[in-house]
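I opened the notebook to go through this structure piece by piece. My entries follow in the order I looked things up.

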Amino acid sequence: MKDDLPKIITLYDPACGSGGMLTERREYLLAIGVKSSAIQLSGTEINPETYVICKSDLIIKGVDPSGMHLGNTITDNAFADKSFGYMLTNPPYGKSWKTDREKT
């Protein structure tokens, strides 16, 4: 299975929250033998406090946090110029996107 993966694994979560899904997927990849240097995490979080928790957690775990972006995935696509091999997300259920839809 590991041999079927690309040399560099790019993961993106457009509603990353505190980054739990990204770090859990990273842990899985490490467990199957993927090198840490071959895993790149990226994400966007709209809530400033949760964004800081995400970046702090990545730093504590020794992961480069530069792929995390504070912003609104719907109205501010910080990754429009990038491609990702894998995307995972658990959309926020407590946020109304009505005003964001009107901005697009």
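**Entry 1: salt bridges**

I started with Lys-61, which forms a salt bridge with Asp-57; their closest N and O atoms are 3.0 Å apart. The model is a predicted one, so I read its distances as computed values. I then checked how open the two ends are. Lys-61 is partly exposed, at 40% relative accessibility. Asp-57 is partly exposed too, with a relative accessible area of 22%.

How many salt bridges does the structure hold? I found 2. One of them joins the side chains of Glu-27 and Arg-26, at 3.5 Å from N to O. I noted the cover on each side chain here as well. Glu-27 is partly exposed, with a relative accessible area of 40%. Arg-26 is buried, with a relative accessible area of 8%.

**Entry 2: cysteines**

Next I looked for disulfides. A disulfide is a covalent bond between the sulfur atoms of two cysteines. My count came to 0 disulfides. I wanted the reason. The cut-off I applied is 2.5 Å between the sulfur atoms. Looking from the other end, I found Cys-54 in no disulfide, with the sulfur of Cys-16 as its nearest cysteine sulfur, 4.2 Å away.

Are these two cysteines buried or exposed? Cys-16 counts as buried, at 6% relative accessibility. Cys-54 counts as buried as well, at 1%.

**Entry 3: the fold**

I stepped back to the whole chain. It has 3 helices and 4 strands. Read along the sequence, I get the pattern β-α-β-α-β-β-α.

Then I traced the sheet. It is an open sheet of 4 strands, ordered S3-S2-S1-S4, with parallel pairing. Which strands stand at the edges? They are S3 (68–70) and S4 (86–87). Each has a single partner strand, so one side of each is left without a neighbour in the sheet.

I looked at one pairing in detail. S1 (residues 9–13) and S4 pair in the parallel sense over 2 bridges. Tyr-12 has Met-87 as its bridge partner in S4.

I checked two helices against the sheet. H1 (residues 20–31) lies across S1, S2 (39–45) and S3, and it runs at about 160° to S1. H2 (residues 48–60) lies across S2 and S3, and it runs at about 160° to S3.

**Entry 4: Pro-14**

Pro-14 counts as buried, at 15% relative accessibility. What does Pro-14 touch, not counting residues up to four places away in sequence? I listed Thr-44, Thr-73, Met-87, Leu-88 and Thr-89. Met-87 was already in my notes as the bridge partner of Tyr-12. I also took the spacing to Met-68, which is 54 residues from Pro-14 along the chain. Their C-alpha atoms are separated by 9.7 Å.

**Entry 5: whole-chain numbers**

The chain has 104 residues, and buried residues make up 32% of them. The chain exposes about 6600 Å², and carbon and sulfur atoms supply 54% of that area. For contacts between residues at least 6 apart in sequence, 76% join residues at least 24 apart.

Note on methods: Residues numbered from 1 in each chain as written. Predicted model: local features only at pLDDT ≥ 70, side-chain atom pairs only at ≥ 80, totals over all residues. Heavy atoms only, no water. Pairing = 2+ DSSP bridges. Contact = heavy atoms within 4.5 Å. Axes fitted to C-alpha atoms, helices over the stretch in contact; angles between N-to-C directions. Buried < 20%, exposed > 50% of the residue type's maximum accessible area, 1.4 Å probe, protein only. Salt bridge = Lys/Arg side-chain N within 4 Å of Asp/Glu carboxyl O. Areas by Shrake-Rupley, 256 points an atom, 1.4 Å probe, with all protein chains shown as cover.
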